[in-house]
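Take a look at the model, and then we will go through them together.

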Protein chains: 2
Amino acid sequence: MSLSHYFNPSSIAVVGASNDPGKAGCQIFKNLLELGFNGPVYAVNPKLPELFGRKCYGSLKEIDGPVELMIVSIPAFGVPQVFEDAKDRGDVRAAVIIASGFSETRIPERIELEKQVLKIAKEGNIRVMGPNCVGVMNTSNHLDTTFAAGIIQTPGGMSVISQSGSLGASLMMFATHQPASMGFAKWAHVGNQTDVDVLEVMRFYKEDPDTKAIAIYMEGINNARDFLEVAREVSEKKPIIALKVGRSEAGSGAAASHTGSLVGSDALYDASFRQMGIIRVDTIEELLDTAKAISMQPLPKGNRIAVLTEAGGPGIIAMDELGMSADITMAPLESKTIEALKEALPPMAIVDHTTGYIDMSAAADEDHHAKALKILLDDPNVDGIVHLSVPPTFLLPDVMAQKTAGVLKGAEKPVAVCYLAGEWINNARRILESSGVPSFDMPERAAKAMKNMVLRSKLIDSKKKEKMEKRIFSLSETSRKIIEQKKQSGYNLTEPEARSILSDYGIVFHPAVVAKSPEEAEKAFLSLGGVPVVLKIVSSDILHKSDVGGVETNKKTPEEVRKSFESIILKVKSSIPEARIEGCLITPMAREGTEMIIGAMRDSQFGPVVMLGMGGIFVEVLKDVSFRIAPFSREEAWTMIDDLKFKPILQGIRGIEKADIDGILDIAQNLGQLMSDHPEILEVDLNPVRAYAKEVCPLDARVILKKT
Amino acid sequence: MSLSHYFNPSSIAVVGASNDPGKAGCQIFKNLLELGFNGPVYAVNPKLPELFGRKCYGSLKEIDGPVELMIVSIPAFGVPQVFEDAKDRGDVRAAVIIASGFSETRIPERIELEKQVLKIAKEGNIRVMGPNCVGVMNTSNHLDTTFAAGIIQTPGGMSVISQSGSLGASLMMFATHQPASMGFAKWAHVGNQTDVDVLEVMRFYKEDPDTKAIAIYMEGINNARDFLEVAREVSEKKPIIALKVGRSEAGSGAAASHTGSLVGSDALYDASFRQMGIIRVDTIEELLDTAKAISMQPLPKGNRIAVLTEAGGPGIIAMDELGMSADITMAPLESKTIEALKEALPPMAIVDHTTGYIDMSAAADEDHHAKALKILLDDPNVDGIVHLSVPPTFLLPDVMAQKTAGVLKGAEKPVAVCYLAGEWINNARRILESSGVPSFDMPERAAKAMKNMVLRSKLIDSKKKEKMEKRIFSLSETSRKIIEQKKQSGYNLTEPEARSILSDYGIVFHPAVVAKSPEEAEKAFLSLGGVPVVLKIVSSDILHKSDVGGVETNKKTPEEVRKSFESIILKVKSSIPEARIEGCLITPMAREGTEMIIGAMRDSQFGPVVMLGMGGIFVEVLKDVSFRIAPFSREEAWTMIDDLKFKPILQGIRGIEKADIDGILDIAQNLGQLMSDHPEILEVDLNPVRAYAKEVCPLDARVILKKT
């Protein structure tokens, strides 16, 4: 069932419409009347004969015309009766429950109340948005089910989903009250999501022809995995820009107390958003700026950006912002372009071909601006332009805006404009924006919006190139039995058990032998070729082998190995007398190499997640690791390497062997596949992993099963 | 001579006043008349009998009344004659030269022209601001020598220095055209700085009673050292907030082509700004927000901040921003406070004492806001408050603002306010700001302004605690001779020479002996105790000893040492036949330890700079180093350690020996003193330095002298 009953209803009833300005039902009814919703709007309130000159009905049932959408703004306990009435009518298809006091209170009887309402709704074939929400807006039909006052309904390409009603409404008030009122297509706040949820709204926006970009304000989600899957699907077609709060610990704490929803680890949000093609922004301003830029103009085809300014200061500020991003290259102008600019611009203009920076100087007039823009648009080396002006007194901003808009008409490249001169340029901004050219308050904000457009373009490109291949492995009979048994007896697998499972998934270890006695240990040593070995205790009761003296390294003779075996058993028994000991695993010492850690976990929010990073003591301090939601493509896996600060070390510098990055990525992808295939596995830890030029070798392996 | 002739002139003449709107002299004259400057203003223009109803004079000489300040807005080549006239008058004390076309063109005759003007000015006892500048503004006497149109002169505590006239003017247009017009005290753009420079303006602002905070827009400076010294002096008394562009390479490039001034390395600016107590900001908005916050309210006494909100979304956003800063702690509310809040606020309010976060819920009315603010102000554990509201429809923003302003009257703690509801709260913001309470567009911007106030408070505290002690050392006769000789013959000192100089400055090396023959090498080995040694070639012709085979390590017997000596000499001679070889330095192998690098250089902009950081291959990738301008205090030296990402390693973790940080800082400070005392030294490199628990030992030393 589509959400068009919400966004495009033919008729609306407001249950709880009121003339008391202190009540939501007053402003809701006013909004519908005053914004000019193009269909019948009925007021329901048994206490009033009429409201704002309209007839007021005692109940839903009394309304003579059809009702497609109802907005319910009465106290919680009255809501079930309203739904009974709607069910009886039979024509109501959708409801927005403004009222709070349901499941969000976490009071059992209130949770029950929400369920009761939903049950009646289902019987009546009525969709429910909320409770505890403010509903939707749609500029194309002047619909507004919220009680927000003063939002200007200028049509535009941005559609909004907000997890906070007040923030969502106030940011629209802010945006639409700007000098050039920011336009939008649709808006939604879905509250408790008892039926209609954020994902359904996202899918609706995906198909909505008016929506060019989706802006989301998020606090936390209980179904991150589902969210990400939908986001991946939606962002293939339309850009999603998300302000996800909870970046800092302080912020996460506040979110948890606010929405009661779990806020997952911020690093996971960061990684997964990028993985799904979501543009994550840091501030409300960046959310609005980016949505504006992306919804108004074509995306840049590449990342080569030119800055065209008539004042040095703003120009440098924009260059600074662009230069901070690794995603941006300053456009290398063609020599033809430079010649044309020199020809067209005042003699004092600085045309710097190495950086794509053009300072036209304060001598530039309206025509210079337009001509220079045209020349830059024509240069195939330019993918986008940031255009800045501090109009001198002799320059007429409105004329400049008109000429700029003229040149940009039909342009296939984005141009982000910032005129900086207080109120003096407000009308010029309105001219620009009504012609489809986005303008920004500040040069750095114009630059950042351009940067996010480039990022979107890059994400689309990389997603196009991405090939999701299932890596096909299956567990051997042995591994299957291990899991079956250990699910009963415990959850921590021994290293030989872990090796068995991981080997089935293509992860290669150095040979190892389990010895159950000093004699077997000696034999194992010899069978491994008599090279120096390490001995490690085998016991599923021991999680940290080193801590209990369960590991000894570099044993070089049969004698040493035998003694080491005895000593390990002795130490472990004295540390943990009750531990069931299966023997010692004996394996050759690995030579020095770049130390890494590769692991996987099952996050309660995100499901299987694979991590890889640098190992060793120095890096422990820096936590130089990268995460991805599993499974993921090879292309995505490569971006994990890009995330690492220590990437140059893997690529080999100053006497350090280049690492077999393909081998590292194989392990990471295989772990991801293992986690996806086997929900009974909770955690895998390969730590350390030694990466060499032609081989990647895990030195230790841990697998932890889900407690059942 | 004070700049009061500029900011508080009793009379002004505008040479080049005009009725042509395309000419600067038109708007300048208009600004002076229309803003209501409180003294006589004379127009000078030989072509006009009168201008805007005022008499127009043919030349300066014709003016009958006194002229203290003259604004010269005529083409460059006419300027000398104007100064001759002024000199003849004898009463002109100050001049602003608007005209460009002087030294900034880099054309020899134009440079000469500027010198000529300055010469006449000096003869006439006239100060010169510019050329190529727009001069000054002062809200207390409605002065404006610029040709910027439409800047609203609301008095306020911020004073501005801009290195760009257009950016400086346009940011004032932006700021003063905000819903609540931002006030300022003074403003200046000094152009070519042929006489009056940025430093003099800073010093003037320091003494100006109207100036509470100084906001600077900087592109680059030729005299960084002087700037920093003045900034240190000024910022002891008044906060300096600087937007210094050139953070990225792209930005620096643009700056260089714009102002022609050298932009120093951004890392040096970053470090030195903090060292001098300057608050560096990233954007124009942060510059204005911070200047507003700091100039309107008392500084927080500590870093414990509470967030009081009535809407969850903005609250979380503010918490997020605060939480990103290591400088901020969320206020741990007293239990008394929590009780009082529970008592005063609606039952749905969330009072979270662990994080200083209070969500009053949408049920809060105007009185709730005021009461909660009062309770928080009274808590001794709260140093500052970020106060947020998305006013629900039933809440009257103006009343809330009045009550808030009432509670905050005379408060000794800062409160940063953000009301978020588009135009609906504009008047409330005007009420707040006219009562001295700063308000901000966005919750994150309010939080960031508060963060910068905390930073300022912290900087003041740390400067108060700082003891600048000169470290008294002097060079021995031997070292003096080394420098004297090497200044003649070359500039790269050998390691024994470097050791001599550095030892004089308290830097302790492990013992070493220079051997000139294999026999001497053997003897040296024995004299050092027969422990394993390293041999290094001694030759001032060789900068990189290892590259030419000039280093051999871990020689354990007299025989090995002898062979090593011979092999080194052989290798070096075959690599660089012309190198003058003085022998080999022999010193015991140092045991393993934390590797660092400590060095010093003489920057063309910043003078002596000391660097310390982590050594070794891993850290080479991360460039984990910290800089300070030398000399610096012990307190400042400690902050260098705070800068290092690898600080935990120096403090000792997981089997790594704690480093003797005091020993590291001694070396850093001593190097700083050496560089300050001896301008003939260009560079010192101690790399690597091994840091142990009770000792810090440089393993190699390089000193490079200035080429003379």
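Q: Why are β5(B) and β6(B) said to pair?
A: Pairing requires that DSSP finds at least two bridges between two strands. Strand β5 (residues 69–72) and β6 of chain B share four bridges in the parallel sense, so they qualify. One bridge links Leu69(B) to Ala94(B).

A note on the basis: this is a predicted model, where local features need pLDDT of at least 70, side-chain atom pairs count only at pLDDT 80 or more, and totals for chains, interfaces and linings use all residues. Residues are numbered from 1 along each chain as its sequence is written, chains are lettered from A and ligands numbered from 1 in the order in which they are written, and side-chain values use heavy atoms, leaving out hydrogens and water.

Q: What makes β6(B) a strand, and which way do its residues point?
A: Strands are DSSP runs of E with at least two residues, while helices are runs of H or I with at least four, both numbered from the N terminus.

Q: What makes β10(A) and β12(A) a pair?
A: Five bridges join these parallel strands, and Val160(A) has Ala215(A) as its bridge partner.
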